[in-house]
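Let me look things up one at a time.

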Amino acid sequence: MLLKLAFRNILRNRRRSLFTGLSMLVGYMLLVISLSMQEGSYHWILKAYTQSQSGHIQINHPEYIEQPTLYKTVNELDDLLTWLKQFDWITHAVPRIEGAGLVYGEQESSTLPIMGIDVENEAKISTIKDRIAQGEYFKSTEHHVILGAQAAKQLNANIGDSLVIISQAIDGSMANDLFEVVGILENPQARDAMLLYMPLPVMQTFMVMENKAHRVLVNTADYRQADFYAQTLNNALQRDFETIQAHTWKQVEKEFYRTMQADKQGNQVSIYIIVFLVCLGVLNTILMSLLERKGEYGVLRAIGAGRLHLFNMIMLEALMLCAMCCFVGLLVVIPINIFFTHIGVTLDQPMDISGIAFTALKGTMEPWVFTLPFALMLMSTALLTMVPAIRAARIKPLDGMRAL
Amino acid sequence: MGKIKTFILCAILFPQIGYALTAHELINRMDNLYRSDSSQAVMRMTIITPDWQRTMEMESWSLGKDYALVRIVAPKKDAGIATLKRDAQMWNFFPKVKRVIKVPPSMMMGSWMGSDFTNDDLVREASLEDDYDVGLNENQGGDTEYVLTLIPKAKTVTVWDKIQIWITKDNLLPTKQVYFDEAGKPMREMVFSNIQEFNGRKLPSTMTLTPLNKQGHKTQVEYTQLNFNVSLKESFFSLRELKR
Amino acid sequence: MLLLTLAKRNLWRNKKRTSITLLLIACSVAAMMMTHGLIEGTKTSMVHSATRLFPGDAQVHLNDYHVSRDTQLRFNYPKIVHYLQQQPEVASITARIYERAMISSASNALNIQMVAVDPQQEANVSKLAQAIIKGHMLSGNHDNSTEILIGSKLAEKLEVKLGDRLVLSAAKLLEEGSEIAQGLFRVSGIVQFNAQQMDKNWVYIPLAKAQTMLGMEHQAHELAFNIDPNAFPTHLSQDDFLALAFWKNVNDAVHQINPNVNVRNWPELLPELNAMLSMTDTSLFITGLILFIIAMLGMVNTLFMSIYERMWEFAVIKAIGNTPGEIFLMIITEGLLLALWGIVFGILLGSLGNAWIAHVGIDYSNMEFSGAAIVEPIRSEFHTVQYVHVPIISLLLILISCLYPARFASKIIPARALHKSL
């Protein structure tokens, strides 16, 4: 009965409800979009990053992440890769070797980091194939290398050039061999601009690291489940491969994760600011509408409505209005959010946070992005309306009716 | 009367058989121990690290302080790899890729072939006498050994604050050389052992270098053949010779 | 002015409503001012943290040294420095040499970046002297100095403390090829910038010493200088900074001395920072928009309410002969007065807020964005924009939001309105 009254009251004065409601509507939409953009941007970056750079999970020698050295290897690589096939939630298992060497081009030399990659599988998880500016990607496992943009510049190297690479193999012997440049990557500012890539088996022979690797990237359907699956993996590894451990992407990229958390906290502050501003607007309109209806309330009290009754009515109206507006807001904001989620806002210059480049701001369609603002709006409306409602409920009937 | 006095004085102050040795003379001996106008040697180098162990056999030639050529003879994987030094420059040759590459300055302080010796150690032949102030301590080594304490002169470019050399009194050959940092902590130790006669000279044939601040590392060099004053010309130390 | 008196009296008849609306306007204006002040302060802090930390407001290089870092791109600088020192806009200038080198201690040998600076000039341009946490700054630009400053993390890796020996080896370029130059140094100071690369990798020696070691007399890789803030008339926005004739003039003059040497300002040298700044401008714009939408809604609502309450009044006035135009004007005037009072009050509030934050400052130290550690606390800034643009735009927007209610009021049909009750 109360509900019907509240509803009717709202509809009765369209203009008043409209204005009050508009504040709530705009507030809701703003909150949704802010939350969506903040969460979405990170999500989008993390998805790409954990997929191609760190892996959702990584299997390594337990000390490799903190203090990487050539000698902290994952042994029995082939057995491990076969063993991993039993887990159907693993989408990719991709090994990598990391080293360094003195690289001599035709005229220039430079010390470069070197990475051995699985020709077929690496291309499935990373963007390396798409980032080739000159030449082409590895077609087979021969003595071919792909250079990052800056590395190629330092060596003054072109496609087809012959490089001599000298390094120290894992058994202490001097690794030295000839390699041909088959590809050069774009973007001198890329993370791997100074890197030299070669096929994994070639690097294994070069560094006397047969059947070994430093990292095995393990990807799943969703990077957010990494914690859970890493645990499962670790339990199994303890049984069958004791010398190695599975690490989540958060453990692998500790610094980035920390900066991200700090940044997210900063973002929370801006959410609070938006909520505050919205509350200001809502407060104003609610106060206005209550003041306007003083006469109404006076009459109601005069004919016998109790104070509690009046209070409930006012609260209910406000909350119903809020709910209705949020619902309308939802309908309006969904297509907008879809736009942001799938297309987003591209940044002119990529932004660098602890080594990871953000190229666009995107949104997300996760349900909480819509429900949390709804809850916030309801709560704020309730809180904001309470005091004015109490005051309105206590109006002496005569005082109220004088306003008529 | 004067002569007897001098003799008694000497007998009291320098209780060795025969003659007095100064620090200056000793350090001169150390500088020239392995040095000659030219030399040819065959040696075995064993490198031990916590992660791997290797033994290499090498042949080397040197002319004065400025020219040296070292070629690895065994194991087969590394055979033919050679290093040439001319004055302050250094080249490496790798037969597998048939390339001579110049060692860039940034690598000069790096280790030579993974050992505990740096490229710089091989390239620079420091003259201990020129670069250090020498003090002789007769008693620190007890009855059997002299101990020379070397403090780098103001202009000497070195990371060591002090070097001490233990020398056996009767054959005047070094047994131990220790390198110290600022705090007086011993950081590197070279042990000389296996005295043998090469070409008329008695020398320790084995040198073992152990870094004292890293666990599990050691480099040992053992001379199996050492010839002095062989006939070598400057032209021998060429890039062409390097590639043979 | 009868209109004004009437408007004033109408507004104050309902004190509560008017006060609340005034508050809303004032808060929005104040919030706008404070946000602007804070963001400008943040921008300045970000820029200064980046430039004053080490790079300088502008740098001079041969060709594209700032990108390639090719050590062969060295140039003779005395004439150029002399010219720049005479420019009133240049507050301080210093020369630097960069070289990759190997550093060895008794414990370890590492590849690092050697930076050679003139201690006195450097102190006027960058924060090197303030970043020293142990020991002291290089005492003078002597060519036989053995003083060296090293990054804190580097000191840990090399296991050295003040006074310990270090040997630096670098390549000295000769007519043909190169030879190794070595120098003995003793740690005279330990530096901490809280910027990863610098603390892990950089060592600093006197410029003259490097010049002797590397055979680079009168040469350097880089000149860095700071702009005198008093030389420019008002607080500069980024666009104004870039548009100054100064940059063109200076480059022309330097090209006379050496056609391949270029002067570049920090937006060119630190494009990422530049991008960050335009992003903050965008977010400022969006915040402003949100604030005004909310304020406008409130205004319109309030005005409508006041009209409603006074429906009967308007009916009477119209009945006794006021034209719709006069009623329209009256509402507009009320809105105008509200706006003016609200804005004045808001400016007061905003000024107080900005002054407070300017005094207290917000500390962001220990966070690294785009490789730049924000070292200086953020202080709000006062800006003409806040006192001119914000009030004018607020006034306009408020007046616009009055239009609809005013029109509505003017169109009241007296007969109907006189019936109006609830």
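I began with a term: a residue counts as buried if 20 or more other C-beta atoms lie within 10 Å of its own. With that in hand, I looked at chain B of this predicted model, where 27% of the 244 residues count as buried.

Next I looked up what chain B is built from, and I found 5 helices and 13 strands. I also checked its contacts with a separation of 6 or more, and residues 24 or more positions apart account for 41% of them.

Then I turned to confidence. Chain B has a mean pLDDT of 81, and 86% of its residues reach 70 or more. Where is confidence lowest in chain B? I found that spot in helix α1 of chain B, residues 2-13, with a mean of 43. The highest value, 92, belongs to strand β10 of chain B, residues 174-180. I noted as well that pLDDT stays under 50 over residues 1-20 of chain B, and that the model has 3 contacts beyond four places in sequence for this stretch.

My last stop was the place where the two chains touch. How many residues does each chain bring to the contact? I read off 14 residues from chain A and 17 residues from chain B. On the chain A side, the elements that give two or more residues are β2 (92-104), β6 (162-168) and β7 (174-185) of chain A. The largest share of that side comes from β7(A), with 4 residues. Sorted by class, the side of chain A that touches chain B has 7 nonpolar, 5 polar and 2 charged residues.

Key: Residues numbered from 1 in each chain as written. Chains lettered and ligands numbered in written order. Predicted model: local features only at pLDDT ≥ 70, side-chain atom pairs only at ≥ 80, totals over all residues. Contact = placed C-beta atoms within 7 Å. Nonpolar A, V, L, I, M, F, W, Y, C, P; charged D, E, K, R; others polar. pLDDT = per-residue confidence, 0-100. Buried ≥ 20, exposed ≤ 12 C-beta atoms within 10 Å, placed from the backbone.
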